[in-house]
Amino acid sequence: RDKSVWVWEVDEEEEYECVSVLNSHTQDVKHVVWHPNQELLASASYDDTVKLYQEEEDDWVCCATLEGHESTVWSVAFDRSGERLASCSDDKTVRIWRRYEPGNEEGVSCIGNDPTWKCVCTLSGYHSRTIYDVSWCHLTGALATACGDDAIRVFEESTSSNPHQPTFALAAHVPRAHSQDVNCVAWNPKEPGLLASCSDDGEIAFWKYQRPEIC
Amino acid sequence: LIYRRSGERPVTAREEDEELPDSIDDREIFDLIRSINDPEHPLTLEELNVVEQVRVKVNDAESTVAVEFTPTIPHCSMATLIGLSIKVKLIRSLPERFKLDVHITPGTHASEHAVNKQLADKERVAAALENSHLLEVVNQCLSARS
């Protein structure tokens, strides 16, 4: 809640020490998550943005700011490749962002040598209240959301989807997954379709999801 | 200018029947919030017309409550505190299934977006109530007038 992001490292004595304090956000930071295979960090904030950080010349710096959400961003998740990021917000939408390198074929402009992140899809009209968490399954590509309307939803990318303009369809919707706000959802990294969720009602639930035939 | 307090709620025959459930309605929510004290003046929110029954919208079946409150002046610095008091009163009084929306009557405050956003953020509300001084002020607003 102090608006900062801290990066920690394990030292020779196997203790964690703080190596950087980043004060890029202008409001509370709600969530941080690491890129699946690179030293890249993402954060979500009450200031309506997602920020990305990497190490440059021995110092951690903010290398990108993703703007577009109209209210607090509560969580972010990378897909398996790390080329895409999903963010969820108090504005009741999920946004999908894609990384574009300088000199990309799609003509997305970049500043200098840094990649740029562009919002390529917005999922709106599905959630009736704040979306507190989003989880992107690294086994199947399914996207799960945790919502303040007590529901859990799963979205699947259409197979004929254009990677630069992807379309996602609502594949599953459990309206009363919990009796209060769902705060968190997490896909199991080893077992496809196994999802965990937790809620203000004090419960943790386990779910088995199967992709429907028509999607 | 002090607004007149509404009278007692008339009890209907249906409500007297112990067998039939009474759903939570606008009047019941209004009854919960009307006597909240203004932090600065020795008057209730009803007497200052900060809350009105017509600005309370309840849907018991869907477990939603929306309360609009009107700060006395557009730059009222107590707006967040008043909103927080209303929210806390409802949190303490209603079943946990209810989704509570407390916001400023549109067009009546200079910082309504910022205030509404704070009131809608459950982490911010929880953090505010961990501040013992602020909690004390809220409790004073919620205490019965002596």
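Two strands count as paired if DSSP finds at least two bridges between them. Helices (H or I, at least four residues) and strands (E, at least two) are DSSP runs, numbered from the N terminus. The model is predicted: local features need pLDDT of at least 70 and side-chain atom pairs count only at pLDDT 80 or more, while totals for chains, interfaces and linings use all residues. Residues are numbered from 1 along each chain as its sequence is written, chains are lettered from A and ligands numbered from 1 in the order in which they are written, and side-chain values use heavy atoms, with hydrogens and water left out.

In chain A, strand β12 (residues 143–147) and strand β13 (residues 152–157) pair in the antiparallel sense over four bridges. Within this pairing, A:Leu143 stands opposite A:Phe155 of β13(A). Both strands belong to an open sheet of four strands in chain A, with the order β11-β12-β13-β14 and antiparallel pairing. Because β11 (131–136) and β14 (168–174) of chain A stand at the edges with a single partner strand each, one side of each has no neighbour in the sheet. From one strand to the next the twist averages 20°; axes here are lines fitted to C-alpha atoms, for helices over the stretch in contact, and angles run from 0 to 180 degrees between N-to-C directions.

A:Val50 lies in strand β5 (residues 50–56) of chain A and is buried, with a relative accessible area of 0%. The classes are buried (under 20% relative accessible area), exposed (over 50%) and partly exposed (in between), with a 1.4 Å probe and protein chains only. A:Val50 and A:Ser75 are 25 residues apart along the chain, and their C-alpha atoms are separated by 8.8 Å. In chain B, B:Leu135 lies in helix α6 (residues 132–142) and is partly exposed at 26% relative accessibility. B:Leu135 is 50 residues from B:Ser85 in sequence and 9.3 Å from it in space, C-alpha to C-alpha.

For A:Cys62, the nearest cysteine sulfur is that of A:Cys63, 6.3 Å away; A:Cys62 is partly exposed, at 29% relative accessible area. For B:Cys141, the nearest cysteine sulfur is that of B:Cys76, 11 Å away, and B:Cys141 is buried at 4% relative accessibility.

On a 1 Å grid over the protein atoms alone, a cavity is a set of points where a 1.4 Å probe fits but cannot get out, and a pocket is an open set with protein on both sides within 12 Å along at least five of seven lines; lining residues have an atom within 4 Å of a point. Grid points are joined across faces, edges and corners, and a volume is the space filled by probe spheres set on the points.

There is one cavity of 30 Å³ or more, and the largest cavity has a volume of about 50 Å³. Its lining includes A:Tyr46, A:Trp74 and A:Asp90 from chain A, and B:Lys117 and B:Asp121 from chain B. The largest pocket holds about 940 Å³. Of its 34 lining residues, A:Arg129, A:Tyr132, B:Lys87, B:Leu100 and B:Ala120 lie nearest its centre. The elements giving two or more residues to this lining are α3 (79–93), β3 (99–104), α4 (112–120) and α5 (122–129) of chain B.

Definitions and conventions: Disulfide = S-S within 2.5 Å.
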